[in-house]
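User: I have a new structure open and I'd like to learn how to read it. Could you walk me through some features?

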Amino acid sequence: MVETIRRVRKMLRSRAAAGARDRPARAWTQSHHRLTAPVVLLALCFSAVCGWILLEGRRATEARAAEVATSLVSSLRADIARNVETLNLSLEAVVNNLKLPGLDRLTPEMRQQVLFDHSATVRYLTSMLIIDETGKITLDSRNSQPSQQNLSDRDYFQIHRDNDSVGLFISRSFKSRLSDRMLVGFSRRLSHPDGSFAGVVLGAMLQDYFQSGFKDISLGPNGTVTLARTDGVVLMRWPYREDSVGSSLKRAELFVQFQQASSGQYESPGELDGVKRLFVYGQVADLPLIVVVGQSLDDIFAPWWRQALAIGALMVVLCAVTVVLAMSLNRELTRRNAAERKLIVLATIDGLTGLANRRHFSRTLAYEWRRAMRGRVPVALLMIDADKFKLFNDSHGHQAGDRLLQAIAASIAANVKRPSDLGARYGGDEFAVLLPDTSLGDAAALAERICQDLSVCCRADQIQRGHAHLSIGVASLVPGRGAKHRDLVAAADKALYRAKHLGRNRIELATMEDAGALAPEAGPQTDDDARAAPEGTSAVA
């Protein structure tokens, strides 16, 4: 731009030098070009920049729409997979329970309880049925007197009768002959000892489950959510249309894309209504199910068109547009800086417990170690491990395990009060407490308070009360020349594993053998340290 202006100025000077007779006109021309050329060039450059911004805004809008749809698909896939897996486990349990010896000698009530003890946990499950090889219902999880309906004409019966390797089968949507409600069947084959067909075990899930999950999703007036089998049969579509349920999408663009990848996105007119949409799809785990979220391109780009028109109008007043863009850039930079500061905070916190994460702990330990080395003061460390946590987690579930970890973290946070102290989740069910300028006895006393606080915290919880046990290793070292902060971690870790080896639910203090040459220079254990060490712990030699 600068070179062009220079050329224009040079040309104007050459014209002015041609003669004095036309000097007034030439002077006006020179002034005109000097004023208009930069403005025209600025307008052209600004128009190009605005055009590029609008194009990028369109791409960003489409990318955001795809990101939102991808998030929705992931959420729906996870929810459906979780509930279908729960139902599948219940079906497998029924199949296995039917093989129990002496089952036929139980009372009908006891037999029903033994067979269907897991089925109550499945959401939107109407009942579980055992159907013999003729299609007759022999047992019903909800009724002691099963219906006399014959179900041999259903697809979930015929597929298992004709094929012994189907595994879990997901049927078409069908209307119940008893309640007239729409259901989706999940079935598994039953076999005689010789491998011949013995019937099926069926779990019927209300179609309302899929409707309740789909109807609350906001995708605009022309958005759709579809659940289909991998053979193209539609199980559910929202907005709900009765004629679309059970139809086939096998010829749709979806299955052209699905053959290439089990998840992805594409743009195509809708198979049922012809509306052009951005579709994001994904297979539900390893099940023969596909979730498809479609957003109308008109709905996606409606806000962008309004923005484009607004920017186009503002382009007439170039100076105003420049100011607006500068202000907008400043706001974006401010917002980005705020977001970066927030991310820095989040990067130091463990999401489950609220304590510091291991990365932040390592950085703080290195800093405090150097500070203690300069001041020749001790640094104490507690290594804490939840006793038998894996067994507790497997017995009571991940949510109960998360609550126990949060209770441990709350006990640590309640007792770590100095600004320089730091409680952290070290990994899994292990925690660490860093205590700068703290003796071994004071660190052991803090460990005892953490154990007591956890017992009080878990007292009201019937599940956690019997598992509020901690093994704690305590070490306190004065850094010497050539020492590394890893030595402190190693000493506390050895004490921790000694606590676990000696029976768990105890506090062990690091010995000279654990600490080596880096033990505190205070010498033998003081009376205060001995009093602070709980019963059953070892002391520093």
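**Reading the model, feature by feature**

Analyst: Happy to, and keep in mind that this is a predicted model. Let's begin with a pocket: the second largest pocket takes the largest share of its lining, 3 residues, from β1.

User: Which strands each supply at least two residues of that lining?

Analyst: They are β1 (125–131), β2 (137–140) and β5 (197–206). The pocket has a volume of about 350 Å³, and 20 residues line it, with S127, L129, S176, L178 and L183 nearest its centre. Sorted by class, the lining holds 9 nonpolar, 7 polar and 4 charged residues.

User: Now sheets. How do strands of a sheet pair?

Analyst: In general, they pair through backbone hydrogen bonds, either parallel or antiparallel. Here, 5 strands make an open sheet with antiparallel pairing, in the order β7-β6-β10-β9-β8.

User: Why is one side of β7 and of β8 left without a neighbour in the sheet?

Analyst: Because β7 (234–238) and β8 (263–269) stand at the edges, and each has a single partner strand. On average, neighbouring strands in this sheet are turned by 20° against each other, ignoring direction. Take β8: 7 bridges join this strand to β9 (residues 276–283), and the two run antiparallel. Within that pairing, P269 stands opposite K276 in β9.

User: Which helix packs on the sheet?

Analyst: That's α5 (residues 208–215), which touches β6 (224–229) and β7. The direction of α5 makes about 35° with that of β7.

User: How do I read two helices packing on each other? Say, at what angle do α9 and α13 pack?

Analyst: Look at the angle and the distance between the axes. Helix α9 (residues 358–375) and helix α13 (residues 485–501) pack at about 110°, with axes 9 Å apart, so the two are roughly perpendicular to each other. L365, A366 and W369 of α9 make the contact with H485, L488 and V489 of α13. By class, those contact residues are 5 nonpolar, 1 polar and no charged.

How values were computed. Residues numbered from 1 in each chain as written. Predicted model: local features only at pLDDT ≥ 70, side-chain atom pairs only at ≥ 80, totals over all residues. Heavy atoms only, no water. 1 Å grid on protein atoms, 1.4 Å probe; cavity = no way out; pocket = protein on both sides within 12 Å on 5 of 7 lines; lining within 4 Å. Points joined across faces, edges and corners; volume = space filled by probe spheres on them. Helix = DSSP H or I, 4+ residues; strand = E, 2+ residues; numbered from the N terminus. Nonpolar A, V, L, I, M, F, W, Y, C, P; charged D, E, K, R; others polar. Axes fitted to C-alpha atoms, helices over the stretch in contact; angles between N-to-C directions. Parallel < 35°, antiparallel > 145°, perpendicular 65-115°, else oblique. Contact = heavy atoms within 4.5 Å. Pairing = 2+ DSSP bridges.
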